[in-house]
Amino acid sequence: MIRCSLLAMHMPDGYLHATTPIAGMIWLGTWGLALGLIALCLKRVQATYDDRAVPLMGVCAAFIFAAQMINFPIPMGTSGHLLGGTLAGVLLGPWAGSLVMAVVFLVQALFFQDGGLTVLGANIVNMGLVGTFGGYYLYKGIRRLIGRDRWTGVMLGAAIAGWVSVVMASLFCALQIGLSGTVDLGLVLGAMLFWHGFIGLGEAVITLLALDYVRRLRPELIYKAPRDRSGVASGEMG
Amino acid sequence: MILPGASPISTWIPFRRERGAQPWMRVLCATIAVFAIALAPQQQGWQLTIIGLGLLLLCGLSSVSALHILRRLTVELGFGLMLVLGTLFREQGDLLWQWSGLKIYQGGLLLFCSLASKVLLSLIALNLLTLTTSQVELLQALKQLKIPPLLVAIVGSMLRYLAVLLEEAQTLQRAAQSRNLLLSRLVHRRVVGMMIGSLFIRTYDRGDRIHQAMLSRGYSGLVAEKIPIRWTKPDIGLITYTIGVSLVSMGVEKVL
């Protein structure tokens, strides 16, 4: 079985460079966006979670890392693993979810040499900003459209957002690589969108199943806003 | 073999666990090196060769065994090369090789070699850093380099509980395997979904328990901590060496 890693979106060092004006703008632009996103996320997470921020965000980042290690079969006879952006956004909110994803990418690049250090900005933009932040707001829009407290809204919203977030993240990644001139734009766009169309299906199914499990056992983790959940896990709110 | 403290030269050897450059300087220099490698124009053979030689010299002088680095590189490079493999089939220049629908052109081969060298050299630089610097030292270094304390604290918290969460995920997988739940593809996906849901609930509860434990030990939020930066001989040696090698490599590329 071929292991089709979702980290195909996880660019290594050297993929983006600054030798042409467009490539330089892409490289600097993604770094600027990523740093801005991290700064905003830190501010919002600190305001929402206060002194719970460090332990909760830390273990949730470890959760995403651990969840990415679990493989499952995807169509075309390959296996993939969860990217987790939409799941993190749905369960923790857009700011905490994006922060958790950014921390995961930082740790993977600096401590485990997985994904490049110089392209960390682009990786955070693709999978944190587009994948998690964008995924969350798409999920929220669909949920609001169908009915905020209806389970079909949550399920449909999460599944669609899961698929779209993976495909959109791969589109952004392909555009960055193609416009930088590393690989032919048409080739990388076709390959990335084709494969991530299938990978996104796996992401949607797993996100949906994981949320269904959480809903059955702890519905407040989905229906309550993160700031109202204090003390839930310690049993104070049943 | 140079032992720490054996000669005055050893005090200038930067990448040693004992008496080497300080962790913050190692992080800074590894970052400079990786940026110099990654941002080098494509197909700049001499520039990358000289940086590579500079890194090899550092590896030789460091306290890390070559076998250890090679073992890690074998795994990491495999993933890296898989990702840059697509560039090999770029249609540019003379056709060098053809088999069935696969064609390799001169331009594609050069680009692949350039990207593969960049991936390899970046991995060597970062491996050298992580093999000579513990996680605690790396976190301390990030604080000294003015990374936001909340971000460093979250990274520290993640690293602390990573092994626990990974073990929990493996336990869940083992339990599902022992019940033959992962045989059918359809059931496999359902079980993985439930596993991840269950792992999240355990994680969230654990986060709250950790928070309670921290409060009981008197934790009341992050305390601003100022760690002064002071320069030592190995620090000056390492930064001079890093910038020197980067500049020389660029100069040689221009001359040749």
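## Two domains in chain B

In this predicted model, the centres of domain 1 and domain 2 of chain B, taken over C-alpha atoms, are separated by 35 Å. The domain assignment builds domain 1 of chain B from two stretches, 22–134 and 231–255, while domain 2 of chain B covers 149–216.

Let's look next at a pair of strands in chain B. Strand β1(B), residues 95–99, and strand β2(B), residues 102–105, run antiparallel to each other and are joined over four bridges. If you want to trace the pairing residue by residue, W99(B) stands opposite L102(B), and Q98(B) stands opposite K103(B).

## Where chain A meets chain B

Now for the interface. On the chain A side, 78 residues are in contact with chain B, and 71 residues of chain B take part in return. The size of an interface is often given as the accessible area lost when the parts come together. For chain A and chain B, the buried area is about 6,400 Å², and carbon and sulfur atoms give 78% of that area.

There are polar links as well: six residue pairs are in polar contact across the interface of chain A and chain B, with both residues of each pair at pLDDT 80 or more. Which elements of chain A supply at least two residues each to the side that touches chain B? They are the helices α1 (21–49), α2 (53–67), α3 (85–92), α4 (94–110) and α7 (185–217), along with strand β2 (71–74). Helix α2(A) gives the most, with 14 residues. Sorted by class, this side of chain A has 56 nonpolar residues, 15 polar ones and seven charged ones.

## Salt bridges

Over all chains, the structure holds eight salt bridges. How many are counted between chain A and chain B? The count there is two.

One of them pairs D208(B) with R52(A), with 3.1 Å between the closest N and O atoms. D205(B) also forms a salt bridge, with R218(A) as its partner, and the closest N and O atoms there are 3.1 Å apart. D205(B) sits in helix α7 (residues 185–216) of chain B and R218(A) in the loop between α7 and α8 (220–223) of chain A, so this pair joins two chains.

Notes:
Residues numbered from 1 in each chain as written. Chains lettered and ligands numbered in written order. Predicted model: local features only at pLDDT ≥ 70, side-chain atom pairs only at ≥ 80, totals over all residues. Heavy atoms only, no water. Contact = heavy atoms within 4.5 Å. Buried area = accessible area lost by both parts, 1.4 Å probe. Salt bridge = Lys/Arg side-chain N within 4 Å of Asp/Glu carboxyl O. Polar contact = N/O pair within 3.5 Å; in protein donor to acceptor, adjacent residues only side chain to side chain. Nonpolar A, V, L, I, M, F, W, Y, C, P; charged D, E, K, R; others polar. Pairing = 2+ DSSP bridges. Domains from an automatic or database assignment.
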